[in-house]
There are 2 protein chains.
Amino acid sequence: MAKERKKTVASLQELADLAGVSRATASRALNDNPMISEKTRARVQALAAEHSFSINRQARAFRLRRSNLIAVVFMLDVKSDQHMSDPFFLEMLGGIADALAERDYDLLLTHAPVTDVLGLRNGRAFQQADGIIFIGQGEQHDALNELTEEDTPFVVWGGPVGEKRYILVGGDNHGGGHAATRHLLDAGRRRIAFFGNTRNPEIAARHAGYAAALAERGLEPDPELTVDVPFDMPHARDVTSRLLETARQFDGVVCASDVIALAAISTFAALGVRVPDDIAVVGYDDVALASYSSPALTTVRQNIRWAGRVLVESVLGLVNGDDVTDTQLQSELVVRDSSMRRTGGSAPE
Amino acid sequence: MAKERKKTVASLQELADLAGVSRATASRALNDNPMISEKTRARVQALAAEHSFSINRQARAFRLRRSNLIAVVFMLDVKSDQHMSDPFFLEMLGGIADALAERDYDLLLTHAPVTDVLGLRNGRAFQQADGIIFIGQGEQHDALNELTEEDTPFVVWGGPVGEKRYILVGGDNHGGGHAATRHLLDAGRRRIAFFGNTRNPEIAARHAGYAAALAERGLEPDPELTVDVPFDMPHARDVTSRLLETARQFDGVVCASDVIALAAISTFAALGVRVPDDIAVVGYDDVALASYSSPALTTVRQNIRWAGRVLVESVLGLVNGDDVTDTQLQSELVVRDSSMRRTGGSAPE
DNA sequence: GGATACTTTGCAATCGATTGCGCGATTTCC
DNA sequence: GGAAATCGCGCAATCGATTGCAAAGTATCC
């Protein structure tokens, strides 16, 4: 009797009957349509709440041709096998999810190893979602350009590229790469390597910043020290150890991600190279776990959660037909290893 | 002219017209309904492919009252603030996403800090999705029981609990906790702590395994050494350092997650405690990054991607009205620190 | 050949919400 | 007091696919 929830009302029609109005009026009342009188609106809404009625979203989506769904597509490079275990993705996803929830949108997660991005045209993302967020460009830049022909709008998280027809949101990769490299230079390092796949636009920009920082000090980047390290741990480890065997003449390394950095550090340790004494390492992304390595990892912070918000605002802007422009977010060097500075060869402790 | 994609066909009606059949026949042909002759079916499907027609999923979902969407809800404890930065979640999500994609389902991600789980009843997950996967029970066990009243079926990843009315999938938490503890005991440790929030059912089971392992060796677990460490790094660090100040009489610690373990190790290091010489640490989950800490972290592996598959199969089983039972997956100790054994007080290096 | 059975296809209702248009009632204005 | 403007609401079409049922066409049997 004192049941808090009354018999639930299934359809708009039932609610209308209950309120003694037509379906049309009930619909308008729920949507705060000004055509409806204040009194009627209040009554209908009260009844809706009382009977815990909520509109059938399927029907609504069908009628309005609008699902309130935004798809998130992770562009995973199969070759370099940057897979989801990079915490960066999760934090980004969290940021996007939160921002979408605030705007009353839902998140459709599409996680396909994307070799053929164009195949997405016939996939769910383009069919069901009102808009799409691509995380990363991988090496699929041209395919993305082609997707702009479709009528589902999208934005991309990534790095600068040449001919671009889509909306891009990204960090200041050039600045980040520059700051990271500069940090090592300031610590007295001279032979600085770069670990990362420069075919990826974001990483290419970081690498450009790296090269620029070297140039400012009159240093020429050694091509042999730019290594295409895959994103995931096991591979990174292999490549790193191989490099150490063949050309151990470097004393610092700028990594394209924290995961790479941690893999490198771990590998160095296994091979008896001391970090940061022999080789100093800088990461990228400032994932939560990075601060807990020992020594704590110096890295470039991107405000990932905020990035998620910007992505959401951009894509919803497109959905609503607003003018949307590219966005570049700040990146910031986070220095954690105060003892990296070269003091003349003596290792502390 | 040699355009590979002909003018796309928007609706079933158009396709039917093109094929010279009725909408009904076209629909049945596309769905391989045996009522339709082989010839007609082939013709319709060929035309559909040729004009890259794909059914309007909104309309279909509306008509069939079935969206082919499975919602994934992360149960985040606000108090203990276990947030998404734990890579465990991401790997699980990847496993679920893959398994769903194979079954032609999509993933609706719902990421709400769930204080009031019952509020989900009116949320999107219950409205749009055909089924739901909850990741973790948090401390919301009773609320979950109540949700079984709703008509959207769901399964839960988590640990054993008392009165349970829902389908549960989980790892062998008791066995894992036992193995982890046993490992430390075998290495000669005697004062072993447990870090984790035992109000969480999974962790409670791990703790039970921990206690059981101690008991087998005639040791009584010291309540003071069971510490409710929050899941995220900063808090874990605080709590850990406090513990060290007040009661530093332990030589091993079983952690409820790798993230906690890494935080603990980092804290120990900062406080001058040597790992594993002074205190040996075992983690849980075997997240990718764990293997790269130094020393590499011994941990309990759960096959998370497989877990994702099992969750998907279970929830789809429920959706289809099959009988579904609880599942317990294997857990396995991964030993990475060969040098942990106590050798009489002499620290190597 | 005619009746019966089976196969193949089409008709039309249906799912639930939204919205253009029109109608009656009320207010406003002169 | 009457015409015009305004307000509040309902009628009915509509979105696109699915499906029970009936009808038309074809094969089978005696």
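Modeller: The surface near DNA strand C consists of 12 nonpolar, 9 polar and 8 charged residues; Ala, Val, Leu, Ile, Met, Phe, Trp, Tyr, Cys and Pro count as nonpolar, Asp, Glu, Lys and Arg as charged, and the others, Gly among them, as polar. This is a predicted model, in which local features need pLDDT of at least 70 and side-chain atom pairs pLDDT 80 or more, while totals for chains, interfaces and linings use all residues. Residues are numbered from 1 along each chain as its sequence is written, chains are lettered from A and ligands numbered from 1 in the order written, and side-chain values use heavy atoms, without hydrogens or water.

There are 29 residues around DNA strand C, and those that come nearest are Leu12(A), Arg63(A), Thr25(B), Thr40(B) and Arg65(B); a residue is near if one of its heavy atoms lies within 4 Å. Helix 2 (23-30) and helix 4 (57-64) of chain A, and likewise helix 2 (23-30) and helix 4 (57-64) of chain B, each supply at least two residues of this surface. Helix 4 of chain A gives the most, with 5 residues. Helices are DSSP runs of H or I with at least four residues, numbered from the N terminus.

On the DNA side, 57% of the atoms of DNA strand C within 4 Å of the protein belong to sugar or phosphate, and the rest to bases. Polar contacts, pairs of N or O atoms within 3.5 Å, reach both kinds of group. A side-chain N or O atom of Ser27(A) is 2.8 Å from a phosphate oxygen of DNA strand C, and for Arg65(B) the corresponding distance to a phosphate oxygen is 2.4 Å. Arg63(B), by contrast, places a polar side-chain atom 2.9 Å from a base oxygen.

Methods: A polar contact is a pair of N or O atoms within 3.5 Å; within protein, one must be able to donate a hydrogen and the other to accept it, and residues adjacent in sequence count only if both atoms are side-chain atoms.
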